[in-house]
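Subject: Handing over a structure, with notes

Dear colleague,

I am passing on a structure that you have not worked with before, and I would be grateful if you could look through it alongside the notes below.

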Amino acid sequence: MSSMKNPEETRNYIIEAAAPIFNKHGYIGTSLSDVLEQTSLTKGAIYHHFGNKDKLALAALEYNLRFVSEHIFNEFKDKVHSCDKLTAFAESFRKNYQLMKQMGGCPVVNAAVDSDDGNELIKKRVSRFVKTWRKTVIEIIEQGRIKNEIRSDFNSDNFSMNFISILEGSVAMSKVSDDKKFIDSAVDLVKSLVEDVRV
């Protein structure tokens, strides 16, 4: 910590230390004392950079959502066929499950459940993230239909909702039961649904 030279570096250090704590203990349940234990900073230093716990929680959420984007959303970028993009997207949940488990679960579902009735800012940010996720899935399907890779009668809107619900729910169930079979089964199901509409 002593090697840090500028405020931005200190701010990033706080976020990186706080992000997994918020993800494991909740954006409401985490206290500044929990964060202080991990940073060796004073409460005044944290308030100097963030003003209050809610602002720190939002910064931690952004960090955690960026983690999801980098480790899951980028998995399908090099795929050409639309169905291969969707299956690679689903497979990324299986591939990164242990990493998410170590983090305390998927940051998306954790924040969604935790903030539902408590923190409106967190709720809105997660909602925007899920909308972006749905939009990405829908765009993959629509491009697939245009390129005649996916059946023209495939409902992209319904599938995008099921895609997210099945995978996110399975991560939560695997974590709470300490049984990876939930995520394995969910990924296999999504892949079979995709294969059914492949042209």
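Helices (H or I, at least four residues) and strands (E, at least two) are taken here as DSSP runs and numbered from the N terminus. The model is a predicted one, in which local features need pLDDT of at least 70 and side-chain atom pairs count only at pLDDT 80 or more, whereas totals for chains, interfaces and linings use all residues. Residues are numbered from 1 along each chain as its sequence is written, and side-chain values use heavy atoms, with hydrogens and water left out.

The overall picture

The chain holds 10 helices and 0 strands, and from the N terminus on its elements run α-α-α-α-α-α-α-α-α-α. Taken along the principal axes, the box filled by the C-alpha atoms is roughly 60 × 35 × 30 Å. Of the 199 residues, 43% count as buried, where buried means under 20% relative accessible area, exposed over 50% and partly exposed in between, using a 1.4 Å probe and protein chains only.

If contact is taken to mean heavy atoms within 4.5 Å, then residues 24 or more positions apart account for 66% of the contacts in the chain with a separation of 6 or more.

The core

A nonpolar core is a set of buried Ala, Val, Leu, Ile, Met, Phe, Trp, Tyr and Cys residues joined through side-chain atoms within 4.5 Å. The largest one here has 55 residues, and those with the most contacts inside it are Leu-56, Phe-89, Phe-93, Trp-133, Phe-159 and Phe-163. Helix H4, which covers residues 53-71, gives the most to this core, with 8 residues. Leaving aside neighbours within four places in sequence, Leu-56 is in contact with Ile-14, Ala-18, Phe-22, Leu-32, Val-35, Ile-46 and Phe-50.

Cysteines

With a disulfide defined as a pair of cysteine sulfur atoms within 2.5 Å, the count comes to 0 disulfides. Cys-83 counts as buried because its relative accessibility is 0%, and Cys-106 counts as buried at 0% relative accessibility.

Lys-124 is found in helix H8 and is partly exposed, with a relative accessible area of 48%. Its C-alpha atom is separated by 9.3 Å from that of Ala-112, which is 12 residues apart from Lys-124 along the chain. Arg-145 also has its place in helix H8, and Arg-145 is partly exposed, with a relative accessible area of 29%. Not counting residues up to four places away in sequence, Arg-145 touches Ile-150, Arg-151, Ser-152, Phe-154 and Ser-156.

Most residues other than glycine have a negative phi. Asn-148, however, has a positive phi near 60°; this residue lies in the loop between helix H8 (120-146) and helix H9 (156-177), and Asn-148 is exposed, with a relative accessible area of 54%. Asp-178 has a positive phi of about 55° although it is not a glycine. The place of Asp-178 is in the loop between H9 and helix H10 (181-197), and at 54% relative accessibility Asp-178 counts as exposed.

With best wishes
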